[in-house]
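Thanks, everyone. Let me put the model on the screen, and then I'll walk through it.

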Amino acid sequence: MKFFIDTASLDQIKEAHELGILSGVTTNPSLVAKEGVDFKERLQEITSIVKGSVSAEVISTEAQGMITEGRELAAVAPNVTVKVPMTTEGLKAVKVFSEENIQTNVTLVFSSVQALLAARAGATYVSPFLGRLDDIGHSGLDLISEISEIFHEHEIETEIIAASIRHPLHVSEAAVRGAHIATLPFKVISQLVQHPLTDQGIEKFLSDWENRSR
Ligand code: E4P
């Protein structure tokens, strides 16, 4: 499983990129709004740092608007992936993008049939939202398993991005259950690095080294 970062913050993207673990970036309108910057400028900056897929979401709710917006976003850099919501209008737009070889990420996926529809429309990626499903008492991780099984069974090449990740267990379980990618908030990346036994081990090595007989 690969790692994307789920943010529009340039500082966070740069820091995660330095770790050598980043294969891509996902943004959404809420994340971009938080930054208070010009979206296309920020997209340009992000795509110049990260060479993998960078998802940029359309705002329109009508297919034609999504297509116009998506073409403009895709023109910013060759590694832009147009993020489209999982609606009938979104599917129409994905079909057109797929014919134009523009990569797409179908977002706000909450059921396996939505994922299957998106894949059949030509989506490059589908993004099932784990945390938001857990919030309403459903299992986001079971959804990953189901989509993964269906895609495997029907030899579908669309990649599964485990999204709305809230904690490290989401990440390890999404990997076990067949997600190709997990898109992580910066906080979860930091949590993944840490383990109390690693810290204790370093402390012990250093104190033994200081107290060595010379
Ligand atoms: C995915 O691409 C979304 O941007 C994101 O994972 C949403 O997560 P949230 O539920 O924490 O807002």
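**Helix 9 and its surroundings**

Helix 9 is followed by Gly178, which has a positive phi, near 100°. Helices here are DSSP runs of H or I with at least four residues, strands are E runs of at least two, and both are numbered from the N terminus.

A word on the source. This is a predicted model: local features need pLDDT of at least 70, side-chain atom pairs count only at pLDDT 80 or more, and totals for chains, interfaces and linings use all residues. Residues are numbered from 1 along each chain as its sequence is written.

Back to helix 9. Which of its residues are buried? They are His170, Val171 and Ala174. Buried means 20 or more other C-beta atoms within 10 Å of the residue's own; exposed means 12 or fewer; partly exposed is in between; C-beta atoms are placed from the backbone. Looking down the axis of helix 9, the buried residues fall within an arc of 100°, so they line one face of the helix. That arc is taken over the directions from the helix axis to the C-beta atoms. The cover over these buried residues includes helix 7 (130-135), helix 8 (140-153), strand 7, strand 8 (181-184) and helix 10 (186-193).

Ile165 sits in the loop between strand 7 (159-162) and helix 9 (168-176). Ile165 is buried, because 24 other C-beta atoms lie within 10 Å. Setting aside neighbours within four places in sequence, Ile165 contacts Leu130, Gly131, His170, Val171, Ala182, Thr183, Leu184, Pro185 and Val188. Contact means that two C-beta atoms, placed from the backbone, lie within 7 Å. Ile165 and Ser139 are 26 residues apart in sequence, and their C-alpha atoms are 12 Å apart in space.

**The whole chain**

Now zoom out. The protein has 11 helices and 8 strands. Its C-alpha trace spans about 75 × 40 × 30 Å along the principal axes. Of its 214 residues, 38% count as buried. Take the contacts between residues at least 6 apart in sequence: 54% of them join residues at least 24 apart.

The largest nonpolar core has 53 residues. A nonpolar core is a set of buried Ala, Val, Leu, Ile, Met, Phe, Trp, Tyr and Cys residues joined through C-beta atoms within 7 Å. Helix 8 gives the most to this core, with 5 residues. Val82, Val94, Ala118, Val126 and Ala162 have the most contacts inside the core. Take Ala118. Beyond four places in sequence, Ala118 contacts Met86, Leu91, Val94, Val106, Val109, Ala123 and Val126.

An unreviewed UniProt entry places the feature "active site" at Lys83. UniProt positions follow the numbering used here, feature names are shortened, and annotations may be inferred rather than shown by experiment. Lys83 is in strand 4 (residues 80-85). Is Lys83 buried or exposed? It is buried, because 25 other C-beta atoms lie within 10 Å. Not counting residues up to four places away, Lys83 touches Ser55, Ala56, Glu57, Val58, Asn105 and Thr107.

Most residues other than glycine have a negative phi. Asn101 has a positive phi of about 60°. Asn101 is in the loop between helix 5 (88-99) and strand 5 (104-109). It counts as exposed, because it has 9 C-beta neighbours inside 10 Å. Leu108 also has a positive phi, near 60°. Leu108 lies in strand 5 and is partly exposed, with 19 other C-beta atoms within 10 Å.

Last, Ala63, in helix 4 (residues 63-74). Past four places in sequence, Ala63 contacts Glu89, Lys92 and Ala93.
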